[in-house]
Amino acid sequence: MNRDEAIERVEEILHTVENETMPVPVRELWVYGDVALGLDPVERLDVYVTKDILLRGDDGDAAERFRKSHGVEGVGKTVRAEWAEQFPEYIRANDSGHAAPEQCLAAHLLPEDEPVHLEVCNSSFEDNVTQRLQGAIQREAYEQILDPRGVCLWAEGQRSDEALRKLRESELPFPTLPDALGMLGLDAEKTDEAAEAVESYRKRQEGATVRGDVV
């Protein structure tokens, strides 16, 4: 998508998070990668959401109702019953048939036919960048690295209009991906290889995609 379309999509996602009930509480919303770097066109729009985990169900009866009506377990336990009542068309389940928060968020926030990737985790963007890098180094699975060049647009119920303005006007300076990974502690001789693996992985993705992490 061209940059104007990508920024418009970011603003629509922000508006949705701010004004509509989400399947789980959302604490942070970031964008990273191409759109943060000011590129035009944006090959893929990368969005990161920090969510809270529902530790206690908000409606014990909802699980049974939605199991019967939609064949999905866990509504009112892993996702909010209030949200499911409002947006039943966005209910998504994992392979075991339980409501999957990351899939539900993606269905609610992303058009299916656009090159947008959603990362969903209970940890903040900065913490998860570090966790994913450490795991990728241990397994030598560099394609799993999370691009650290991100911009926080919304946190704890507050939008950063200044960050959004800088994003829109491409005023955010970032290093190259190899340099950014080096700053995070990746060995210098591995930074180019890791960056190439990240870019290769991204280029193989098509349409709207989602990944869920628990740290």
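Visitor: Which residues does Thr209 touch, not counting residues up to four places away in sequence?

Guide: In this predicted model, Thr209 touches Arg44, Leu110, Val116, His117 and Leu118, leaving aside residues up to four places away in sequence. Thr209 itself has its place in strand S6, which covers residues 209–213.

Visitor: Why is Thr209 called buried?

Guide: The relative accessible area of Thr209 is 17%, and buried means under 20%, so Thr209 is counted as buried.

Visitor: What makes the pair of Thr209 and His117 a polar contact?

Guide: The side chains of Thr209 and His117 are joined at 2.7 Å, and since the cut-off for such a pair of N or O atoms is within 3.5 Å, the pair is listed as a polar contact.

Visitor: Where does Arg44 lie, and why is Arg44 called buried?

Guide: Arg44 lies in the loop between H2 and S2. Its relative accessible area is 5%, and the limit for buried is under 20%, so the word buried applies to Arg44. Among the residues that Arg44 touches are Asp34, Pro115, Arg202, Gly207 and Thr209, and a polar atom of the Arg44 side chain lies 2.6 Å from the backbone oxygen of Gly207.

Visitor: How do you know that the buried residues of H9 are on the same side?

Guide: The buried residues of H9 are Thr191, Ala194, Ala195, Ala197, Val198 and Arg202. They cover an arc of only 160 degrees around the axis, and therefore they sit on the same side of H9. As a general point, an α-helix has 3.6 residues a turn, so residues three or four places apart point the same way. On the other side of H9, the residues Glu189, Glu196 and Lys203 are exposed.

Visitor: What do the buried residues of H9 pack against?

Guide: They pack against helix H2 (34–37), strand S2 (45–51) and helix H8 (177–183).

Visitor: What makes S2 a mostly covered strand?

Guide: Seven of the seven residues of S2 are buried. Leu45, Val47, Val49 and Lys51 point one way from S2, while Asp46, Tyr48 and Thr50 point the other way, and all of these are buried.

Visitor: Why are S5 and S6 called edge strands?

Guide: Six strands form an open sheet in the order S5-S4-S1-S2-S3-S6, and S5 and S6 are its edge strands, for each of them pairs on one side only.

Visitor: Are Cys121 and Cys152 buried or partly exposed?

Guide: Cys121 has a relative accessible area of 1% and is therefore buried, the limit being under 20%. Cys152 has a relative accessible area of 26% and is therefore partly exposed, a word used between 20% and 50%.

Terms used:
Residues numbered from 1 in each chain as written. Predicted model: local features only at pLDDT ≥ 70, side-chain atom pairs only at ≥ 80, totals over all residues. Heavy atoms only, no water. Helix = DSSP H or I, 4+ residues; strand = E, 2+ residues; numbered from the N terminus. Buried < 20%, exposed > 50% of the residue type's maximum accessible area, 1.4 Å probe, protein only. Polar contact = N/O pair within 3.5 Å; in protein donor to acceptor, adjacent residues only side chain to side chain. Contact = heavy atoms within 4.5 Å. Arc of directions from axis to C-beta. Pairing = 2+ DSSP bridges.
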